[in-house]
Amino acid sequence: MNALLHGRLTGLLVMGAVIAILPAFLPNNFYLDIAILAGFNAMVCVGLNLLIGYAGQISLGHAGFFGIGAYASGVLAGTYGWPPILALLAGAVFVGVLAFAVAKPILRLKGHYLAMATLGIGIIVSIVLRTESGITGGPDGMMVDPFKIFGVELYGEKVWYWVVGALLVGVVWLSLNLIDSPMGRALRAVHGSEVAAEVVGVDTARFKVMVFVLSAVFASVAGSLFAHYAGLITPAKADFFKSIELVTMVVFGGMASTFGAVVGAVVLTLLPQALTVFQDYQQIVLGGILMATMVFMPKGLLPTLAALLPARRRA
Amino acid sequence: MFAELLQYMLSGLTIGAIYALAGLGFSIIYNASHVINFAQGEFIMIGGMASATLTASGVPLPLAILIGCGGAMLVGVLVAKFAVERARNASTVTLIIITIGASIFLRGVAELIWGKDFKRLDAFSGETPIQILGASMQPQSLWVVGCAAVLIVAIGLFFAKTLTGKAMLATSHNRLAAQLVGIDVKRVVLASFALSAALGAVGGAVVAPITFSYTEMGIMLGLKGFTAAVLGGLGNGPGAVVGGVIVGVAEALGAGYISSAYKDAIAFVIILAVLLFMPNGLFGKRGTERV
């Protein structure tokens, strides 16, 4: 237990240190912007990882939750003039209730049904965003005002970098604590053998629902903040491909590894930037990575690398 | 009024036939390997693209469809052999991700080969609409529904009468027992992918004159095929066919009477409602699991 706690703190400290010194190596705002985008993706992925890696369920619609959060902020804070933090909370509450209502009956089933349901929600959300152009601006998207809290306006890459960095550390810390809590152990049991977990008295369905709701709310909050940061949101941020991209990040980085999810998000946010020369091959590369990761390193990048190292680094 | 309704029913039946074929493909693969094959839509795309581009370069239509069909079957077997079988004992999540990866990969390859633009395939027997009780119908719709019906009956006979078909059924009921009585379950999985690919590719070819062919044509068709399969109860072949027709008709009615902008959402609204209230699909058995 002590060693585990130790490993957890080390990982968090290493990540904090990387975030703290990274700006010194980033020559201009363009790179800072990519780092911020990676941070937003990482926040969603840490939550999604709880669902995929620990509850053994897949969501093919998390971009939909991200999109609801983003548009809740855009519409409520922009069109209706709510304080941004209230709009963010409203989005998060709505997503939480929606996720709960859907997950409650479905997670009692086994197998692929959550994948189907989340897929459906994601597609419906993106179609609504595209169609209701009176409210959402349609396919072209809508502008979002900067985030203001206590009269302070968050503006510019430099400020947002620290905000996103701090939030990411917070989200990771929360996730690590959750994994080591009794609930986390219950979740791992669910992933191992659901029936066995039930036999020893774990209410598996309840845990799966809780994790699903939590991961959806993470996505919504990240979406809200992203909307304020980017200043422009489009339905593409909520569509099926974005959901797949998020799942890819989690899986590539390492299922059931919080830091793996962060690494996956960072690597796959950078990859398209690095691959712009191979624009035509982007799909082939993305699909290839997905298949190859699952076939050759089913645990994902970070856990596979960690297994190669002699030391016992745990994430 | 009646003519309008009939019109919607006919167009719903046409597209529903394609969903039925895709849904049947999902069910066949699911039965053989418990894999949800998200690359099913890509088989449809391969069939549509191959027949459109080959006929454009002078290959006779039946041969073009046959080549597209063969190509899709080959791709299906490759996906099964090099991606799915290798991860045989992996979790459901892993297998879903592999097939999603395969679908993105195949779409990328298709874009390299055929480019991104829409390809046109001429209707098989002209475009003079047929008038039925005031509703008009493209002759191509008859081809779509007819081909789908023939294929569905053929698949039914295949499972009921042939040894390979029975071996596949046996594997779906109990993989281990099937293995014990000497069925090569690995070949059954490969056969299931080949069969589903063939169904998808023919579907893609016959529907291409109506929808046009493009590399992304398989995404929505495949996903709706999946909703058809879930609607009918995963792994239930006839259920998937009925599910496909229901989704197609509901979509056409919804687009006609409610809003055409929400056409693509209708299938997913239905499936969410079914999952919430009838969690095993319309015809699915209540599942129990052995440890």
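**Ground rules.** I number residues from 1 along each chain as its sequence is written, and chains are lettered from A and ligands numbered from 1 in the order in which they are written. The model is predicted, so I ask for pLDDT of at least 70 for local features and 80 or more for side-chain atom pairs, while totals for chains, interfaces and linings use all residues.

**Chain A overall.** I looked up its secondary structure and found 14 helices and four strands. These are DSSP runs, numbered from the N terminus: helices are H or I with at least four residues, strands are E with at least two. Chain A has 315 residues, and 52% of them are buried. Buried means 20 or more other C-beta atoms within 10 Å of a residue's own, exposed means 12 or fewer, and partly exposed lies in between, with C-beta atoms placed from the backbone. I also checked contacts, meaning two residues whose C-beta atoms lie within 7 Å. Of those in chain A with a separation of 6 or more, 78% join residues 24 or more positions apart.

**Helix α5(A).** I find 18 of its 19 residues buried.

**The core.** The largest nonpolar core has 201 residues. Such a core is a set of buried Ala, Val, Leu, Ile, Met, Phe, Trp, Tyr and Cys residues joined through C-beta atoms within 7 Å. A:C45, A:V262 and B:A20 have the most contacts inside it. Beyond four places in sequence, A:V262 contacts A:M15, A:A42, A:C45, A:V46, A:V172 and A:G253.

**A:V171.** I placed this residue in helix α7 (residues 157-180) of chain A. A:V171 counts as buried because 22 other C-beta atoms lie within 10 Å. Leaving aside neighbours within four places, its contacts are A:M43, A:V46 and A:F218. I also looked at A:A186, 15 residues apart from A:V171 along the chain; their C-alpha atoms are separated by 20 Å.

**Helix α5(B).** Its buried residues include B:W143, B:C147 and B:I155. Among the elements covering them are α1 (2-33) and α8 (185-211) of chain B.
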